[in-house]
Amino acid sequence: MRSLRTGLSLAALLTGAALVFTAPAAHAADPPLRDLAAARGKVVGTAVTGSKLTGTYGAIAGAQFGSLTPDNAMKWGSVEPTRGGFDWAEADQIVAFAQAHGQQVRGHTLVWHSQNPSWLTNGSWTPAQLSGLLQNHISTEVGRYKGEIAAWDVVNEPFNEDGTYRTGLWYDGLGSGYIASALTWAHAADPNAKLYINDYNVEGVDAKSTALYNLVKSLKQQGVPIDGVGLQAHLILGQVPSTLQQNIQRFADLGVDVAITELDVRMALPADSGELAQQAADFKSVVAACVAVARCAGVTVWGFADSDSWVPDTFPGYGAATPYDENYAPKPAYRGLAEALGGSTTTPPPPTGACTAAYSVSGQWDSGFTGQVKISCSGASLASWKVSWTYGAGQRVTQAWNATCTQSGAAVSCANASYNGAVPDGGSVTFGFNASWNGSNPVPTVTLG
Ligand code: XIL
């Protein structure tokens, strides 16, 4: 009797795999932003955080954007928190994700006054030492990603609002020559990467952007390798400079590319529908200005979702600055981006891919069973994963392999091991476990993410 019942329930279990979709399946819709942009010879990108490149966030980042900029992962303080102690994990992960999704990477950033490690900023350095540290940093980081980075924001935010040089670690120690040196070292480390100087409040024609213009002109005259200018474009609602296109054009006329590198449009919270409509118009006019100038390479948004924006932390009381809301639903601003790129619809296509988790039992005996969960991706990918389920009949996981599983009461949670977090598009990862059962062993519903 016992073996017969076991045989029957095993057969039932083997066919009873549970599937959970983390992203909707594809259906007919407008092309994603990256395709609309590509049709105009432009690249539309987003800043991303490596740990979030999974689930809906990963699906949107992979489907909609043709370029990724690590928001923090490539900054000096992230990659070398202690002197000689490097941590490339998040930067590597973002580069790998981009490559798996046919995306470019904008490297950000090599020389900046902010987010440097304290060992560097608290140290006391002679000019020669400082120069050596900077050269070594640039050679190491650019060299590591040689051939994998389309463009580097080599120098970030070198100017004050009045167009004078920003003082601090680099200028005080090395004078304005640190800019030419940094570009030259970066070029030596990756001759094919486009090298940019990037700044904020340089979108319109004014004292600050003119200082940047004069610098680029002089660098070009000296033969310093400078390929582009990044206009960050952290804008305030309704305040797109009227001279934006003219400004882009004057840099282009110097013989450099221009990119909008960190676009967001913040507003006082809470946002109302009129403000969201204004924001759509603002996104549209920024992208339109780029589309109008041949040497404008493209537009990167500084985070694509309001839940992932730096704005609320940095500008208290402000937010809602990106094209998607906190729940990854597209806002009118998404339509503004799409329309400027020639799109017509008010809604984006859903992410075309999905990752799924399937639970199955491969063997069962009197008191125990062996199970497995297979995580598969198609048109999407994962950088890490967590699977959870709730047992309905007192089952208990006793041992797991290729995952770390914990059980609390009926709730089981399994996360990837150190070596199998990545599930590539078109690939799968399987982990297994032994568990006990008694009475019945129903298949649980499995949640991925
Ligand atoms: C921001 C990041 O988005 C935040 O997560 C971080 O706390 C501070 O830096 N200009 C830049 C970016 O060049 O590197 C900044 O990114 C935003 C302003």
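This is a predicted model: local features need pLDDT of at least 70, side-chain atom pairs count only at pLDDT 80 or more; totals for chains, interfaces and linings use all residues.
Residues are numbered from 1 along each chain as its sequence is written, and side-chain values use heavy atoms, with hydrogens and water left out.

Q: Why is α12 called roughly parallel to α14?
A: Helix α12 (residues 273-291) and helix α14 (residues 332-340) cross at roughly 25°, and their axes come within 7 Å. Axes are lines fitted to C-alpha atoms, for helices over the stretch in contact, and angles run from 0 to 180 degrees between N-to-C directions. Angles under 35 degrees count as roughly parallel, over 145 as roughly antiparallel, 65 to 115 as roughly perpendicular and the rest as oblique. So α12 is roughly parallel to α14.

Q: Which residues make the contact of α12 and α14?
A: Contact means heavy atoms within 4.5 Å. Among the residues that make it are L276, F283 and K284 of α12 and R335, L337 and E339 of α14.

Q: What makes residues of this contact nonpolar, polar or charged?
A: Ala, Val, Leu, Ile, Met, Phe, Trp, Tyr, Cys and Pro count as nonpolar, Asp, Glu, Lys and Arg as charged, and the others, Gly among them, as polar. On that basis, the contact of α12 with α14 has ten nonpolar, two polar and three charged residues.

Q: How do you know how much space lies in the largest cavity and the largest pocket?
A: Grid points are joined across faces, edges and corners, and a volume is the space filled by probe spheres set on the points. That gives about 80 Å³ for the largest cavity and about 390 Å³ for the largest pocket.

Q: What makes a residue part of a lining?
A: Lining residues have an atom within 4 Å of a point. For the largest pocket there are 21 of them, and E157, H234, E262, W302 and W310 lie nearest its centre. The lining of the largest pocket divides into six nonpolar, nine polar and six charged residues.

Key. On a 1 Å grid over the protein atoms alone, a cavity is a set of points where a 1.4 Å probe fits but cannot get out, and a pocket is an open set with protein on both sides within 12 Å along at least five of seven lines; lining residues have an atom within 4 Å of a point. Helices (H or I, at least four residues) and strands (E, at least two) are DSSP runs, numbered from the N terminus.
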